[in-house]
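Biologist: I am new to this structure and would like to learn how to read it. Could we go through it together, feature by feature?

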Amino acid sequence: MSYRDAIMAAKYAGGANEQATALHQRRLEAVMNGEGYFDFDAPRGIVVHVVPTGVYDDGYAIDLGEHSVLPEADPMRPKQLPILGRDGARGSWTADGFGAVVPSDDRNGCAGYAHLFSNGVVESVAAIPFEESRTEPPRIDGRALELDLTRSVRRYLRVLAYHQRTAPIYVTFTMYGVDGCLLDTGAVESSDDAHPIREPMLAPFPVTLDNFDADVRTELAAPLDALWRGAGYPKSPFFDSGVWELRSAFDDGD
């Protein structure tokens with residue numbers, strides 16, 4: 001389903017939370033079917049949507065001109081539209097907005113992209129594992145996943161605030177094609193600290209952010225715990241009683 005068709009279908013799904021969920025589900029199906037942007041076609045991936053209020057209103061558009069699309073000097077090196085687990089993105093305009101894209105290792109495809117649509121929605125897609133896994137089944141570094149997801153959503157919120165979008169903001173994400181993959185805490189691959197994911201798709205419920213300055217990791221606590229539970233962990237091993245032990249690493253990289 002094209003993005004414009006997905007928007008029209010989601011518009012009548014109910015309240016704002018239901019609309020954001022419907023948009024995410026329709027675009028997730030498109031990505032899984034190889035119909036994402038920049039020829040992205042990966043058997044395993046993560047799809048994230050950040051949806052501000054009002055994106056279904058007629059006339060709701062942001063300026064995606066070269067000198068205003070991002071709060072930085074060079075849109076062709078779009079640091080404010082990071083791709084999960086990837087560096088070295090290049091900017092590119094599309095018929096529906098502006099995107100940052102990282103090619104796959106063989107340069108014949110796309111390892112991930114972050115697309116800012118003209119109505120203010122951000123769609124972020126990345127193949128997983130982020131780095132080539134030398135094991136079978138593949139191992140997913142849960143520490144890197146938490147850090148990159150939190151850091152990326154934080155950056156997307158800054159872009160939307162720059163374009164004076166309106167809150168609340170709805171964040172949804174899904175990992176697909178992960179049945180049997182090993183989720184670990186980022187320890188060395190020789191350790192036994194890895195649990196198999198027991199579902200082909202991990203799709204936690206969406207979260208609502210009341211403003212663009214929200215503490216992203218705190219707001220994402222429940223859905224991130226749900227990802228870890230999909231691999232048999234009781235919750236995230238990095239977040240306890242409101243304290244995120246990766247906070248210093250996040251602050252250093254943000």
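Modeller: Gladly. Let us begin with burial: a residue is buried under 20% relative accessible area, exposed over 50%, and partly exposed in between, using a 1.4 Å probe and protein chains only. Helices (H or I, at least four residues) and strands (E, at least two) are DSSP runs, numbered from the N terminus. This is a predicted model, where local features need pLDDT of at least 70 and side-chain atom pairs count only at pLDDT 80 or more, while totals for chains, interfaces and linings use all residues. Residues are numbered from 1 along each chain as its sequence is written, and side-chain values use heavy atoms, with hydrogens and water left out.

Biologist: Then how many residues of strand β7 are buried?

Modeller: In β7 (residues 166-176), 8 of the 11 residues are buried, so the strand is largely enclosed by the rest of the structure.

Biologist: Which strands pair with β7?

Modeller: Two strands pair if DSSP finds at least two bridges between them. Strand β1 (residues 45-53) runs antiparallel to β7, with 9 bridges, and here Val48 stands opposite Phe173 of β7. Strand β11 (residues 207-209) is also antiparallel to β7 and is joined to it by 3 bridges; Tyr170 has Thr208 of β11 as its bridge partner.

Biologist: What should I look for in the backbone angles?

Modeller: Most residues other than glycine have a negative phi, and most peptide bonds are trans. In this model, the bond from Ala167 to Pro168 is cis, with omega near 5°, and Pro168 lies in β7. Another cis bond runs from Ile128 to Pro129, with omega near 0°; Pro129 sits in the loop between β5 (122-127) and β6 (139-141).

Biologist: And where is a positive phi found in a residue other than glycine?

Modeller: Look at Phe38, whose phi is near 60°, and at Asp39, whose phi is near 60° too. Phe38 lies in the loop between α2 (16-32) and β1, and Asp39 is found in that loop as well.

Biologist: Is Asp39 buried or exposed?

Modeller: Asp39 is exposed, with a relative accessible area of 68%. Phe38, at 22% relative accessibility, counts as partly exposed.

Biologist: Which side chain makes a polar contact with that of Asp96?

Modeller: A polar contact is a pair of N or O atoms within 3.5 Å; within protein, one must be able to donate a hydrogen and the other to accept it, and residues adjacent in sequence count only if both atoms are side-chain atoms. The side chains of Asp96 and Tyr37 are joined by one of 2.5 Å.

Biologist: Last topic: which residues lie nearest the centre of the largest pocket?

Modeller: On a 1 Å grid over the protein atoms alone, a pocket is an open set of points where a 1.4 Å probe fits, with protein on both sides within 12 Å along at least five of seven lines; lining residues have an atom within 4 Å of a point. The largest pocket is lined by 20 residues, and Arg86, Ser104, Asp105, Ala127 and Pro129 lie nearest its centre.
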